[in-house]
Amino acid sequence: MALVNPKSFLLKARKNQKGICAFNTVNLETMEAIISAAEQTNTSIIVQVSEGAIKYAGLDNIVSIAKNFSKKYKIDFALNLDHGSSFEICKQCIDAGFTMVMLDLSKKSFEENVTETAKLVKYAHKKNVFVEAELGKLFGKEDLVENIESVFTDPVKAKEFIEKTNVDALAISVGTSHGAYKLKFVDGLKQDIIKQIAKDNKDTILVLHGASHIDLDTVEKINKLGGKLKSTSGISLEDEILAIQNGITKINIDSDLRLAYTYGVRKFLKENGEVFDIRNITKAGTTEIKEECIKKINYFSKLEK
Ligand SMILES: [Zn+2]
């Protein structure tokens, strides 16, 4: 079985100042594209689903797909709930077979976030499940999660939060935002905050959400093929690599995979007007996802020291 608690490969990556990619998935085809990219690069990754993706695909279906792929592929990977909104939903995922869960109570009070996270950590650790929490607020919209303002994470509060909850990983707000339309709200990453939190919490995995790069070329290519995406941009790769060197380990990527898929399908349909086999159309999208995942893994997980 290669479906694992990600603790050991995340801590190893943190020690070596490398990034571990966490890719969002919504179905069988995209999950296989992601896992086969991990296999091909011989690098562990995290596959994650939002509550929206669970509603779309079904909780048991997601777990079964992940378990079946863990038999087919040799590479270790984790299955994570991204932005769980309550202890209850996290518990459901743990009981169903997830090896990691994120409880995002960053919109609630600090005290409530501490209490609920600590409760979840106790439950999860008994079942060998890894837990991520979030402190600070990211601007933007990701599935069911939306914030209209950005609040950077306070390093003092982060230290207190980690001590009180014993959480394994913490998502921090340092200038990234959710969704594909980022540029006007992003003004570089707050590297000082990352450095400070990493220095204070040596055994905790720090997580960068909303870390898609949003390649302008891809957006343009999609629009040339009939797309109507607004011109936009995400986080610069240099900024992200610096963030990893400063202490970020888990890098969350969703929008870039959606763009890759959209490009693949639009291009295929334009060039193959006679095809209407669903398998071929979907494959055109997932082939692009796989390539995008390989690219990201090579950027972040193979960094030279
Ligand atoms: Zn997120």
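Which residues does T218 touch, not counting residues up to four places away in sequence? T218 touches L259 and Y263, where contact means that the C-beta atoms, placed from the backbone, lie within 7 Å. The model is predicted, so local features need pLDDT of at least 70 and side-chain atom pairs count only at pLDDT 80 or more, while totals for chains, interfaces and linings use all residues. Residues are numbered from 1 along each chain as its sequence is written.

T218 is found in helix α9. Helices (H or I, at least four residues) and strands (E, at least two) are DSSP runs, numbered from the N terminus. T218 counts as partly exposed because it has 19 C-beta neighbours inside 10 Å. A residue is buried if 20 or more other C-beta atoms lie within 10 Å of its own, exposed if 12 or fewer, and partly exposed in between.

Helix α11 covers residues 255-271, 17 residues in total. From its first C-alpha to its last, α11 reaches 24 Å, close to the 24 Å expected at 1.5 Å a residue; the expected span is 1.5 Å times one less than the number of residues. The buried residues of α11 are S255, D256, L257, L259, A260, Y261, Y263 and G264. Among the elements that cover them are β1 (20-24), α9 (216-224), β11 (248-253) and α12 (278-300).

Two packed helices are described by the angle between their axes and the distance between the axes. For α9 and α11 the angle is about 35° and the axes are 9 Å apart. Axes are lines fitted to C-alpha atoms, for helices over the stretch in contact, and angles run from 0 to 180 degrees between N-to-C directions. The crossing of α9 and α11 is left-handed. A left-handed crossing has the near helix turned anticlockwise from the far one by less than a right angle, and a right-handed one has it turned clockwise. In this contact, T218, V219, K221 and I222 of α9 meet L259, T262, Y263 and R266 of α11. Four of the residues are nonpolar, two polar and two charged. Ala, Val, Leu, Ile, Met, Phe, Trp, Tyr, Cys and Pro count as nonpolar, Asp, Glu, Lys and Arg as charged, and the others, Gly among them, as polar.

Helix α11 also packs against α12, at an angle of about 140° and with the axes 7 Å apart. That angle makes α11 oblique to α12; under 35 degrees counts as roughly parallel, over 145 as roughly antiparallel, 65 to 115 as roughly perpendicular and the rest as oblique. The crossing of α11 and α12 is right-handed. The contact of α11 with α12 has 10 nonpolar, three polar and four charged residues.

R279 lies in helix α12. R279 counts as exposed because it has 9 C-beta neighbours inside 10 Å. Its C-alpha atom is separated by 30 Å from that of G210, 69 residues apart along the chain.

N42 has a phi of about 55° although it is not a glycine, and lies in the loop between α2 (28-41) and β2 (45-50). N42 is exposed, with 10 other C-beta atoms within 10 Å. H83, also not a glycine, has a phi near 55°. H83 is found in strand β3 (residues 77-84) and is buried, with 25 other C-beta atoms within 10 Å.

Terms used. Contact = placed C-beta atoms within 7 Å.
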